[in-house]
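I took the charge pairs first.

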Amino acid sequence: MKTLITFIISLTLSFFVNNVQANSSLKTDFKTGNPSITSIHKMTFGPEGILFIGDSNAAQIVAIDLSEHPKLDNSKVKLDQLDKLIADMMGTTIDQIQITDMVVNPENDNIYLSINHSSGVPILLRVEDNILKQVPLDNVSYSKKTLLNPVTEEAKDRRGRKLRKWAVADIKYMEGKVFLSGLSNQEFASTFRSIDFPFNEKQEYSSLEIYHAAHGKYETHAPIKAFIPTNINGNPHVVAGYTCTPLVVFPMNEIKPGEHNKGRTVAELGSGNSPVDMIEIENEGNRYLLIANSNRPLMKMDFKDLEAYEGSLTTPVIKKGAAVGVDYVNLPFVNVQQLDKLGDSFLMVQRESNGNLALKTGNSWWVK
């Protein structure tokens, strides 16, 4: 009898939870089916288990409902030989796959990895009890938005490399807005977009300009590679990282749609490098900026130092590879390829010195 009563209560609660989700104002225009995702370059979570996917190939943002996934305890997650695990799961070899992003749903600590297979088919994986599970993308509850004036499929840089993958370079959600950095087809290609969510007809974007001290010139064509929306001295800002490696702040109230906006370069983190991911961590009342890099260790910057820095770099950095501006420290984690928050600490995909590609947590001791 006790089991039967428990079952009935669970069934009733399940009905109400599902009913609330179905009636969510954020998901009223969602439909079920195949959203035709052609690539996954960047991902971020919004509220209610909504995952936003930046699909550069199709120049679209796809929001999919993953709220059905249960809350997990991934505090001790550790997956070694991650690339081999993924390749074996797909019946292929390591050289045929690429991990393009990793995100954590902050509401239930589920971990997701996006994979590009050499066949061109994008794959989404979820970690459960240290086991990888594939998330089907051909029959989901979703909504999507096509980007206006993305960089064209034919566009190439001066080295002949295709630029289309930078249609969405990074993506974040905050307070009913999806923010995107990337490239447009406009004269000043570096673009920052703000898109209302739930999606509607409105889509705002503007061009960006920064002073790149390592190059000794102002630039408008390089996209923001990683950014976070945050508060600096109590006011909303975008903290943005560029390749080679300027760190720039943009006051949000100065980013005007349809206008050309100039940022304030507050640091050069060293040339010959590109930021991969950027997160904000709070610990014991202190805030830290963590930056994963392609050719530098994981960096930690104290927000107190960032907020206290009132200058703007406007002269070249002469010494090759030197860092100037806001101070930071290098943490003992090199080759960090993906980074996100997990609870009060951080989660990373790291190529360790022995060659092992590991999905693992970082100790919160390092963010004090």
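Are D170 and K172 buried or exposed? I looked up both in this predicted model. D170 is buried, and K172 is buried as well. They also form a salt bridge, with 3.1 Å between the closest N and O atoms.

Next I checked the salt-bridge total. The count is 16.

I then went to R351. Its salt-bridge partner is D83, and the closest N and O atoms are 3.1 Å apart. R351 sits in strand β27 (residues 345-351) and D83 in helix α2 (residues 82-90), so this pair ties together parts that are 268 residues apart in sequence. R351 is partly exposed at 27% relative accessible area. D83 is buried, at 7%.

K133 was my next stop. Its side chain meets that of E128 in a salt bridge, 3.6 Å from N to O. K133 is partly exposed, with 35% relative accessibility. E128 has a relative accessible area of 17%, and the cut-off for buried is under 20%, so E128 counts as buried. I followed the shared partners: R126, E128 and K133 belong to one salt-bridge network.

Last, I turned to strand pairing. I traced an open sheet of 5 strands, ordered β1-β10-β4-β3-β2, with antiparallel pairing. Its edge strands are β1 (31-33) and β2 (42-45), and each of them pairs on one side only. From one strand to the next, the twist averages 35°. I zoomed in on β1. It pairs with β10 (residues 140-146) in the antiparallel sense, over 3 bridges. K31 has Y142 in β10 as its bridge partner.

Methods:
Residues numbered from 1 in each chain as written. Predicted model: local features only at pLDDT ≥ 70, side-chain atom pairs only at ≥ 80, totals over all residues. Heavy atoms only, no water. Pairing = 2+ DSSP bridges. Helix = DSSP H or I, 4+ residues; strand = E, 2+ residues; numbered from the N terminus. Axes fitted to C-alpha atoms, helices over the stretch in contact; angles between N-to-C directions. Salt bridge = Lys/Arg side-chain N within 4 Å of Asp/Glu carboxyl O. Buried < 20%, exposed > 50% of the residue type's maximum accessible area, 1.4 Å probe, protein only.
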